[in-house]
Amino acid sequence: MLTLHHLNNSRSHRLLWLFEELGLPYEVKRYQRHPVTMLAPPELKRIHPLGKSPVVTDGELVLAESAAIIEYIIDKYGNGRLRPIGPEERWRYMYFMHYAEGSLTPPLLVKLILDKLTEAPTPWLVRPVGMLINKGVRHAFLDAQINTHFDFVEAEIAKRPFFAGDKFSGADIQMSFPLEAAKARGILRSRPGLRAYLERVHARPAYKKAVEVGGPMDL
Ligand SMILES: N[C@@H](CCC(=O)N[C@@H](CS)C(=O)NCC(=O)O)C(=O)O
């Protein structure tokens, strides 16, 4: 039996969505983020030493890292679904599967951390310093990086309905998390193609079921 160790409001939504797309049976063990630090509870470290979500167990096997888990599930249970076979589509599938966490998410994470420096619980005396660092790094580096990435992704999705090609695939599930995080931070305001893409994938019954089971994504 597949078990998803599900942290609320997290990348483990990807796996719920994948299981629903493939119609697989699974069970869910739930974990709650700390309300202030947003960190996962220590119990998750008993399942995998990093204590990050998602973690999936398949019998004795413990799987971590969302792209690797998606690939494992599609390999073992996909029966040819959700992974294209044409050479160009397959390459784009592989590219976006790696790009989502390898290149697109890190600048968003830096932005999130910098923004936190300017909010409680950072002590009020330190916050002005946080604001200066935030402003300096964003001006010198971060905003340009984020814009370059999201202009690229907007241009890619203008060429075809899904990231790999004409058909929905595991790469779309992997790309959803940074796109949703970007939308929540106003980064998609000037990117109508990505907004329309998110509406398209969010209309899928499997996505809706994943939200029903795992709770809404409130990034
Ligand atoms: N690259 C990893 C990232 C895993 C990760 O950082 N997960 C976050 C949830 S979205 C987490 O567990 N955060 C809580 C913590 O770090 O304690 C993946 O794609 O699985």
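1. A friendly place to start is charge: the protein chain carries 30 positive and 24 negative side chains, and the centres of these two sets are 4 Å apart. Please keep in mind while reading that this is a predicted model.

2. Next, the overall build. The protein chain has seven helices and four strands, and from the N terminus the elements follow the order β-α-β-β-β-α-α-α-α-α-α.

3. On dimensions, the C-alpha atoms of the protein chain fill a box of roughly 55 × 45 × 25 Å along the principal axes.

4. How does the chain pack against itself? Among contacts with a separation of 6 or more, 68% join residues 24 or more positions apart. Of the 219 residues, 46% count as buried. The accessible surface comes to about 11,600 Å², and carbon and sulfur atoms account for 60% of that area.

5. The largest nonpolar core is worth a look in the viewer. This core has 53 residues, and Leu18, Phe19, Ile73, Phe150 and Phe163 touch the most other members. At least two residues come from each of strand E1 (2-7), helix H1 (13-22), helix H2 (66-77), helix H3 (87-116), helix H4 (127-159), helix H5 (170-184), helix H6 (192-202) and helix H7 (205-214). Helix H3 gives the most to this core, with eight residues.

6. Staying with helix H3, you will find tyrosine 95 there. Is tyrosine 95 buried or partly exposed? Its relative accessibility is 30%, so tyrosine 95 counts as partly exposed.

7. Now for some backbone details. Most residues other than glycine have a negative phi, and most peptide bonds are trans. Serine 53 and proline 54, however, are joined by a cis peptide bond with omega of about 10°. Proline 54 sits in the loop between strand E2 (26-31) and strand E3 (55-58).

8. Which loop holds glutamate 65? Glutamate 65 is in the loop between strand E4 (61-64) and helix H2, and it has a positive phi of about 80° although it is not a glycine.

9. Leucine 82 also deserves a glance: its phi is positive, near 65°, in a residue other than glycine. Leucine 82 belongs to the loop between helix H2 and helix H3. Because its relative accessible area is 13%, under the 20% cut-off, leucine 82 is buried.

Methods:
Residues are numbered from 1 along each chain as its sequence is written. This is a predicted model: local features need pLDDT of at least 70, side-chain atom pairs count only at pLDDT 80 or more; totals for chains, interfaces and linings use all residues. Side-chain values use heavy atoms; hydrogens and water are left out. Buried means under 20% relative accessible area, exposed over 50%, partly exposed in between (1.4 Å probe, protein chains only). Contact means heavy atoms within 4.5 Å. Accessible areas come from the Shrake-Rupley method with a 1.4 Å probe; for residues, only the protein chains shown count as cover. Lys and Arg count as positive and Asp and Glu as negative; His and the chain ends are not counted. The place of a charge is taken as NZ of Lys, CZ of Arg, CG of Asp or CD of Glu. A nonpolar core is a set of buried Ala, Val, Leu, Ile, Met, Phe, Trp, Tyr and Cys residues joined through side-chain atoms within 4.5 Å.
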